Amino acid sequence: AVFDKGTLDAVYLSGGADKELGLHHLELAIQEAGRVLRKGGIMLSVSAACVDHVQSAFDRHSDSWECIRDGSFYTTEDGYTSNNVDGTILAWRKR
């Protein structure tokens, strides 16, 4: 598994005002995560600054990644719920 706590946000923001460069950096980071994770491996990301950009970058690679946690509320079978106040929890499984 790979655990990211803000790294993908920082990678995207490394493009500064050049959002296309930030997206390119994010694409490279996702490709590298795919290289080091075996099939079925989990990429867990805690994002606060760039949630939409991180999600959409993984969506563009949906042939390689399955979204298993999209940051929305989750209710367990016994009725407990989660919410993400300061950050959004995202997770993908490598296909």
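Author: Gln 31 sits in helix H2, which covers residues 19–36. Helices here are DSSP runs of H or I with at least four residues, strands are runs of E with at least two, and both are numbered from the N terminus. The model is predicted: local features need pLDDT of at least 70, side-chain atom pairs count only at pLDDT 80 or more, and totals for chains, interfaces and linings use all residues. Residues are numbered from 1 along each chain as its sequence is written, and side-chain values use heavy atoms, with hydrogens and water left out.

The cut-offs are under 20% relative accessible area for buried and over 50% for exposed, with partly exposed in between (1.4 Å probe, protein chains only). Now take a distance. Asp 18 is 13 residues from Gln 31 in sequence, and their C-alpha atoms are 20 Å apart in space.

Next, the start of the chain. Val 2 belongs to strand S1, residues 2–5. Val 2 is partly exposed, since its relative accessible area is 25%. What does Val 2 touch, leaving out residues up to four places away in sequence? The list is Leu 37, Ile 42, Met 43 and Leu 44. A contact here means heavy atoms within 4.5 Å. Ala 17 lies 15 residues along the chain from Val 2, and 28 Å separates their C-alpha atoms.

Two loops come next. Ser 62 is placed in the loop between helix H3 (51–59) and strand S3 (65–70). With 43% relative accessibility, Ser 62 is partly exposed. Between the C-alpha atoms of Ser 62 and Leu 21 there are 21 Å, and along the chain 41 residues.

Gly 87 is in the loop between strand S5 (81–82) and strand S6 (88–94). Its relative accessible area is 18%, so Gly 87 is buried. Beyond neighbours within four places in sequence, Gly 87 is in contact with Ser 47 and Ala 48. Glu 77 is ten residues from Gly 87 in sequence, yet the C-alpha to C-alpha distance is 24 Å.

Now the cysteines. A disulfide is a covalent bond between the sulfur atoms of two cysteines. Cys 50 has a relative accessible area of 3%, so Cys 50 is buried. Cys 67 is partly exposed, at 39%.

Last, the whole chain. It has three helices and six strands. Their order from the N terminus is β-α-α-β-α-β-β-β-β. The radius of gyration is 14 Å, close to the 12 Å of the globule rule for 95 residues, so the chain is as compact as a globular protein of that length. That radius is taken over C-alpha atoms, and the rule is 2.2 Å times the number of residues to the power 0.38. Along the principal axes, the C-alpha atoms fill a box of roughly 45 × 30 × 20 Å. Buried residues make up 34% of the 95. Of the contacts with a separation of 6 or more, 71% join residues 24 or more positions apart.
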